[in-house]
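Subject: Structure handover

Dear colleague,

Here is the structure for you to take over. Notes on what was found in it follow below.

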Amino acid sequence: MARLQIKNVEKVYGNSFKAVHGINLDVADGEFMVLVGPSGCAKSTTLRMIAGLETISGGQITIGDRVVNNLPPGQRGISMVFQNYALYPHMKVRNNLAFGLKLRRRPKQEIAQATAEVAETLEIGPLLDRLPKQLSGGQAQRVALGRALIKQPEVFLFDEPLSNLDAKLRASMRVRIADLHKRLKAEGQSSTVVYVTHDQTEAMTMGDRICVMKDGHIMQVDAPVALYHRPQNLFVAGFIGSPEMNLVPAELDRQGRRIRIIGQSFGYGDNLADRLEADVGRSIMLGIRPQHLRLAKAGEQDALEGKLAHVEFMGHEIDLFVDIGGTRVVIVVPGDSYDGKAISGDTVRFVPSEPSIHLFDTESGRNISLPNLN
Ligand SMILES: Nc1ncnc2c1ncn2[C@@H]1O[C@H](COP(=O)(O)OP(=O)(O)OP(=O)(O)O)[C@@H](O)[C@H]1O
Ligand SMILES: [Mg+2]
């Protein structure tokens, strides 16, 4: 059982490159925290500092009630699972699993029982006498998971554990890990997790909360639903969601309650007016998710207009790529709502759903219109 606290933690590498700029993150006991962000944003560096595989250049890391800044990895009460499994190649699965407990000189009988339990949990019993090279990718990753689990750590650390697996295996391992986390938690066992990924689906489906990072800074920490509906800045707005949120330079006419984009405009009502901050920057960006635009009904007033450039049929949904004066806007419509008649070059009229409109201050990137979440 352990809470993990990261306070003002910095990392300056030996070549004087500052990779982490004073981050603060509080992971509750039993929480599944996901770190996401583009390549190079310091996800692994952060995880390795928690693990003790990398020194910290400033700040403080606390696991449970112990400051661990100067503790070696083995004394921090953590287990780490890596992308490349890092199994001992010359040891059978059984011994790979048991290795951590052997190091701790646990009694033979206890080790045998723990190995059997973990093997059952992860359904790797039949593999116990194989060598790592005799395993599939998914099996090897389950053994790596088992090796972390058997140590009953206070905090589990995962660094892109599924990125070597194909899409189908990744999906099933994702569910398996999430289920395992729930079960450990329900049984009152230690289950605090920090999970690094750059896969949005993993982040959104597994995390109790998600920490979005960029260039060694934390951009937002929130539950998946909140991140999606209330992105605090342009970066998070563009990073979370697929297809990406449409972001278009805009002008705001507060008096006339209209938003102008690319030579067109549309009106807005109380919903947006009520949540607009008083101090609106001069230069703003309109943000609207492709799912929050819909095709206008015949004769509907106050719609935006563009030329259909491209259609992607995805089955359950259809992505329409529309050009408005050289700017590309994506509209996602339900698969059964589009008759397939509109073709490239046709004029498309569409309407934004006001409760889902965001406005950002271009300079600071700040969302100046955060919606209320009910
Ligand atoms: N040993 C090192 N010395 C100097 N710079 C390093 C070192 N290790 C990493 N970096 C730099 O620190 C930054 C963060 O790297 P890190 O590996 O933590 O990123 P990441 O978010 O895990 O990326 P990825 O998604 O590609 O794994 C990068 O700019 C990287 O080049
Ligand atoms: Mg990494």
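The shell around ligand 1 divides by class into five nonpolar, five polar and two charged residues. Here Ala, Val, Leu, Ile, Met, Phe, Trp, Tyr, Cys and Pro count as nonpolar, Asp, Glu, Lys and Arg as charged, and the others, Gly among them, as polar. This is a predicted model, in which local features need pLDDT of at least 70 and side-chain atom pairs count only at pLDDT 80 or more, while totals for chains, interfaces and linings use all residues. Residues are numbered from 1 along each chain as its sequence is written, chains are lettered from A and ligands numbered from 1 in the order in which they are written, and side-chain values use heavy atoms, with hydrogens and water left out.

Ligand site

The residues surrounding ligand 1 (a heavy atom within 4 Å of it) include Tyr 13, Asn 15, Phe 17, Lys 43, Thr 45 and Glu 160. Helix H1 (residues 43-51) gives the largest share of this shell, three residues; helices (H or I, at least four residues) and strands (E, at least two) are DSSP runs, numbered from the N terminus.

- Gly 40, through a backbone N or O atom, at 2.8 Å
- Cys 41, through a polar backbone atom, at 3.2 Å
- Ser 44, through an N or O atom of the side chain, at 2.8 Å

The protein buries 61% of the 640 Å² that ligand 1 exposes when taken alone (Shrake-Rupley method, 1.4 Å probe).

Pockets

A pocket is an open set of points on a 1 Å grid over the protein atoms alone, with protein on both sides within 12 Å along at least five of seven lines; a cavity is a set of points where a 1.4 Å probe fits but cannot get out, and lining residues have an atom within 4 Å of a point. Grid points are joined across faces, edges and corners, and a volume is the space filled by probe spheres set on the points.

The largest pocket has a volume of about 540 Å³. Of its 22 lining residues, Gly 74, Ile 78, Ser 79, Met 80 and Lys 151 lie nearest the centre. Strand E6 (78-81), helix H2 (93-103) and helix H4 (137-149) each supply at least two residues of that lining.

For the second largest pocket the volume is about 290 Å³. It has 14 lining residues, with Glu 117, Val 118, Gln 152, Leu 184 and Gln 189 nearest its centre. Helix H3 (108-121) and helix H5 (167-186) give two or more residues each, and H3 has the largest share, four.

Cavities

There are two cavities of 30 Å³ or more. The largest has a volume of about 80 Å³, and its lining includes Phe 32, Leu 145, Phe 156, His 181 and Val 193. H5 provides the largest share of this lining, four residues. By class the lining has nine nonpolar residues, one polar and no charged.

The second largest cavity holds about 60 Å³ of space. Among its lining residues are Asn 246, Ile 261, Leu 304 and Phe 350. Strand E11 (246-253), strand E14 (284-288) and strand E19 (347-352) are the elements that give two or more residues to it.

Sheet

Four strands form an open sheet in the order E2-E1-E4-E5, with antiparallel pairing (two strands pair if DSSP finds at least two bridges between them). Strand E2 (18-27) and strand E5 (66-67) are the edge strands, each pairing on one side only. Strand E1 (residues 4-12) pairs with E2 over six bridges, and Val 20 in E2 is the bridge partner of Lys 11.

Regards

Terms used: Polar contact = N/O pair within 3.5 Å; in protein donor to acceptor, adjacent residues only side chain to side chain.
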